[in-house]
Amino acid sequence: MAEATQEEFRAHEETYQAFSKLVLFMILWLVLLLSTMALGLIGGVSILALLIGVGGTLALIIGFAVYG
């Protein structure tokens, strides 16, 4: 079996880190989506749920763009 070079290992590690960030983003966004849906449908505060959903989505995008 061939040995992996440092460059190949580094490229693989960068790809793994990027995929991990994508998975973390999707989990956080899904939790945000489900919680705002619960606020809107069950809690009866649909305007607040809409604002939290839009604001939270923008905050997640900006946060991952800045810290990514």
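The face of helix H2 turned away from its buried side carries exposed residues. These are Ile47, Leu50, Leu51, Ile62, Ala65 and Val66. Exposed means over 50% relative accessible area, buried means under 20%, and partly exposed lies in between (1.4 Å probe, protein chains only). The model is predicted: local features need pLDDT of at least 70, side-chain atom pairs count only at pLDDT 80 or more, and totals for chains, interfaces and linings use all residues. Residues are numbered from 1 along each chain as its sequence is written, and side-chain values use heavy atoms, with hydrogens and water left out.

The buried residues of H2 are Ala49, Gly53 and Leu60. Seen down the axis of H2, they fall within an arc of 45°, so they line one face of the helix. The arc is taken from the directions from the helix axis to the C-beta atoms. H2 covers residues 46-67, which makes 22 residues. Its first and last C-alpha atoms are 31 Å apart, close to the 32 Å expected at 1.5 Å a residue. The expected span is 1.5 Å times one less than the number of residues. Helices are DSSP runs (H or I, at least four residues), numbered from the N terminus.

The partner of this buried side is helix H1 (6-43), against which the buried residues of H2 pack. Contact means heavy atoms within 4.5 Å. H1 has 38 residues, which should span 56 Å at 1.5 Å a residue; its end C-alpha atoms are 53 Å apart, which agrees. Gly44 follows H1 and has a positive phi, near 80°.

Leu32 gives a detailed view of the packing. Its relative accessible area is 16%, so Leu32 is buried. Leu32 touches Ile52, Gly53, Gly56, Thr57 and Leu60, not counting residues up to four places away in sequence. Leu32 and Thr57 are 25 residues apart along the chain, yet their C-alpha atoms are separated by 7.9 Å.

Met37 also lies in H1. Met37 is partly exposed, at 41% relative accessible area. Its C-alpha atom is 8.7 Å from that of Leu50, 13 residues away along the chain.

Leu22, another residue in H1, is partly exposed at 48% relative accessibility. Leu22 belongs to a nonpolar surface patch with Phe19, Val23, Met26, Ile27 and Val31. Together they have about 560 Å² of accessible area.

Definitions and conventions. Helices (H or I, at least four residues) and strands (E, at least two) are DSSP runs, numbered from the N terminus. Patches are made of residues with over 30% relative accessible area and no salt bridge: like charges are joined within 9 Å, nonpolar side chains (Val, Leu, Ile, Met, Phe, Trp, Tyr) within 5 Å. Accessible areas come from the Shrake-Rupley method with a 1.4 Å probe; for residues, only the protein chains shown count as cover. A salt bridge is a side-chain nitrogen of Lys or Arg within 4 Å of a carboxyl oxygen of Asp or Glu.
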